[in-house]
Amino acid sequence: MPDTVAIPRSPEGAERARATDRAERARATDEVLVLDFGGQYSQLIARRVRECGVFAELLPHHVPLEEVNRRRPRALILSGGPASVYADGAPGLRRELLELGVPVLGICYGMQAMALELGGRVEGAEVGEFGRSRLSVSDPGRLLRDTPPEQSCWMSHRDTVYEAPPGFTALASSSESPVAAIENDRRRLYGIQFHPEVVHTPYGTKILETFLRDIAGCAMDWSAASVIDEQVARIRERVGDGRVICGLSGGVDSSVAALLTYRAVGDQLTCVFVDHGLMRKNEAGQVLAAFRDRFKVPLIAVDAEARFLRRLAGVTEPERKRKVIGEEFIRVFEEQAERLGNPRFLVQGTLYSDVIESGGGTGAATIKSHHNVGGLPDDLEFELVEPLRTLFKDEVRQVGAELGLPDRLVWRQPFPGPGLAIRIVGGEVTRERLEILREADHILQDEIRSAGLYRELWQSFCVLPADLRSVGVQGDERTYGYVVVIRAVTSDDAMTADWARLPYDLLERVASRMINEIAQVNRVALDITSKPPGTIEWE
Ligand code: XMP
C-alpha cells in the first residue's frame, strides 16, 4: 500500500505541498522517547511529558538502536518495571543507550538498571517500599534543583540502589532507599527511584520539567492542538484527490478523526452514520446536528433500526447479540460504501493506547476482542487514515475542542458499539424494552449532568434485566414491573474500574423520577461491583 501519492502541480497541489512542508517542520519538534520496561505507569510517563509540552512516545525497551537514532530524540526516559534486575529474563539495559550523548532519566527499574550497568550496587531488599515515602535531598544537583530538602514521593520497588555508580553523585535518600536519586551531569545520566509521574509525588512534574527543559533543552511548545496542522497535512498528502469514507459512531474518537479529515480534504469525505436504534436518547440527533448542520460535513444517516431489531429477534445470548449486531453493521456500511462507489480510504479513530496495546508499543497487553464489535473488521478493502494514532484520549478531546466540536460530543462518555442491546440483559432486545431503558438512562444522565458529575465518571448508564419483574405498590395498587439497575464507574482506561460513590440524594432523585416517569418501572437498584471482579457492562 503506497504511503504517499504524487502531488499534482495544480493550485490545490501547491497548497498540498506547502502543507506537507508544514508537516515536516511539525515533525521536527522535540521528541522524547520513553522506553518501556513493563511498568504499570509507563503510559502515564509519556502523558506527563506531553503535559509538560514535549512530544513523547512509548517504545519497547528492546527497540533497535537504529530506530532510536533515526528519531533523534532530545532525551530518553527509562520506565519502571515489575521485574527484579536479578530475575531470570529481566529486561536488560543496553549500554549503547547510555552513550548516545542525549540525556537519560531512569525511573525506578530504569534507575536500577542504569546503576547496575554502570557499576553501582543494587540489591534485593528484605522490605520493599510501596506507597508514600519521605525523600531527603542531600544535594539537589541539577535534577532536583529548586525542590525542597524534605519532600514526599511515591515509591514502588523491592530492589534498592545501595551505592551510586562511580562518577555519579547520590542526591537523595528515603527510609528504605539509601540512594533514591543519582546523577552524572557530565555524562548526562540521571536516575530517580521514585515515580515523578504520579500525583502523589508533588514535585514530580517540577523534576520532569527540569529534566526536559534545563537538562535536555526541549522547547516545551508541543500541545495536542499543535498536531492539527500536522495531521491535516498528512491526510492531504496520503489521500491526494481520493475519496474517503468514515463510519461516524457519535463517540469522540470517530468525531474528531472525521473533523480532521474534513478539514484536510473537504467534500472528498463522506461520513456514514448507521443508526442501529440502539443509541441513547437524542444522541443520534446531536451527531446529525453537529456534523450535517453545523460543520456541513457530507453525511449519510442510515435509519437501520428496523433491520437490526429484526435480526435481534429471539437472540438472548450476549456473544450472539454482539455478533449479530457486528455483522449487520458491516453489511449496512458496505452497502453504503458501494453506493458511494467504494471510496479508497477509510478514516478510523484509532488511539495511541490502541496502538500500544496491539503491539505498537510494548506488546504486553492484548485488547479484548469485544472492543471491535460494532466497528469494522480488519480485512475490508480500504486504505486506512488514522489521524489520532499518536494521541491519548484526553488529547483527542483537546483537539476536538480546538476544532469546535460541541462539548456534548467532546466529553461524551465511552459507549459500546452494540449500544443498549447489551444492557438489556438475559433476554431478547425489543422495542419496548429499548424505550424503557432509553428513558431510564436519560433520567440518570440528566441528573448526573445537573449535579455536575458527568465528567468525573468514566461511564454511567442503566441496565435492564430483561425477564425480571418485581412486586411494588403505587397509589394503593399492586404493581408488577421492571427493575432498573444503575451502573456508574470511575476509571482511567476501562481495564480496571471502581464503582462510583454517587451522592444519596442524587440516587434518590433518580430512583423516584424513574418510577414516577416510566410506567413499566417499579424498582431501582444500584450496582456496587468494581472491575475486577465485575466487568463494566453486564453482558
Ligand atoms: P467491560 O464490560 O469489558 O468493558 O468492562 C470495558 C469497556 O469496553 C466497552 N465495551 C464495548 N465497546 N463494543 C465496544 O465498542 C463492545 O462490544 C463492548 N463491550 C464493552 C465498555 O462500555 C467499557 O467502556
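In this predicted model, five strands form an open sheet: the 5 strands follow the order 12-11-10-13-14, and their pairing is parallel. Strand 12, covering 299-303, and strand 14, covering 383-385, stand at the edges. Each of these has a single partner strand, so one side of each is left without a neighbour in the sheet. From one strand to the next, the twist averages 25 degrees.

Strand 10 spans residues 244-248 and strand 13 spans residues 345-347; the two run parallel and are joined by 3 bridges. Within this part of the sheet, Val244 stands opposite Phe345 of strand 13.

Helices also lie across these strands. Helix 7, made up of residues 227-239, lies across strand 10, strand 13 and strand 14. Its direction makes an angle of about 165 degrees with strand 14. Helix 8, residues 252-265, lies across strand 10, strand 11 (269-275), strand 13 and strand 14. In this case the angle is given against strand 10, to which helix 8 runs at about 155 degrees.

Further along the chain, attention turns to a pair of packed helices. Two packed helices are described by the angle between their axes and the distance between the axes. For helix 15 (residues 431-450) and helix 16 (residues 504-517), the angle is about 150 degrees and the axes are 10 Å apart. Angles over 145 degrees count as roughly antiparallel, and helix 15 and helix 16 are therefore roughly antiparallel to each other. The crossing of helix 15 past helix 16 is right-handed. On the helix 15 side, the contact is made by Ala440, Ile443, Leu444, Asp446, Glu447 and Ile448. These meet Leu506, Arg509, Val510, Arg513, Met514 and Glu517 of helix 16.

Lys321 is found in helix 11, which covers residues 318-339. Its relative accessible area is 0%, and because buried means under 20%, Lys321 is buried. Leaving aside residues up to four places away in sequence, Lys321 touches Leu312, Val315, Thr316, Ala421, Ile424, Gly427, Val429 and Glu539.

The backbone holds several details to look for as well. The peptide bond leading from Lys531 to Pro532 is cis, with omega near -15 degrees. Pro532 and Pro533 are likewise joined by a cis peptide bond, for which omega is about 10 degrees.

Two aspartates have a positive phi. Asp146 has phi near 65 degrees, a positive value in a residue other than glycine. Asp146 sits in the loop between strand 5 (121-137) and strand 6 (150-163), and with 63% relative accessibility it counts as exposed. Asp476 also has phi near 65 degrees, again in a residue other than glycine. The loop that holds Asp476 runs between strand 17 (469-474) and strand 18 (477-490). At 80% relative accessibility, Asp476 counts as exposed.

Conventions: Residues numbered from 1 in each chain as written. Predicted model: local features only at pLDDT ≥ 70, side-chain atom pairs only at ≥ 80, totals over all residues. Heavy atoms only, no water. Axes fitted to C-alpha atoms, helices over the stretch in contact; angles between N-to-C directions. Helix = DSSP H or I, 4+ residues; strand = E, 2+ residues; numbered from the N terminus. Parallel < 35°, antiparallel > 145°, perpendicular 65-115°, else oblique. Left-handed = near helix turned anticlockwise from the far one by under 90°. Contact = heavy atoms within 4.5 Å. Buried < 20%, exposed > 50% of the residue type's maximum accessible area, 1.4 Å probe, protein only. Pairing = 2+ DSSP bridges.
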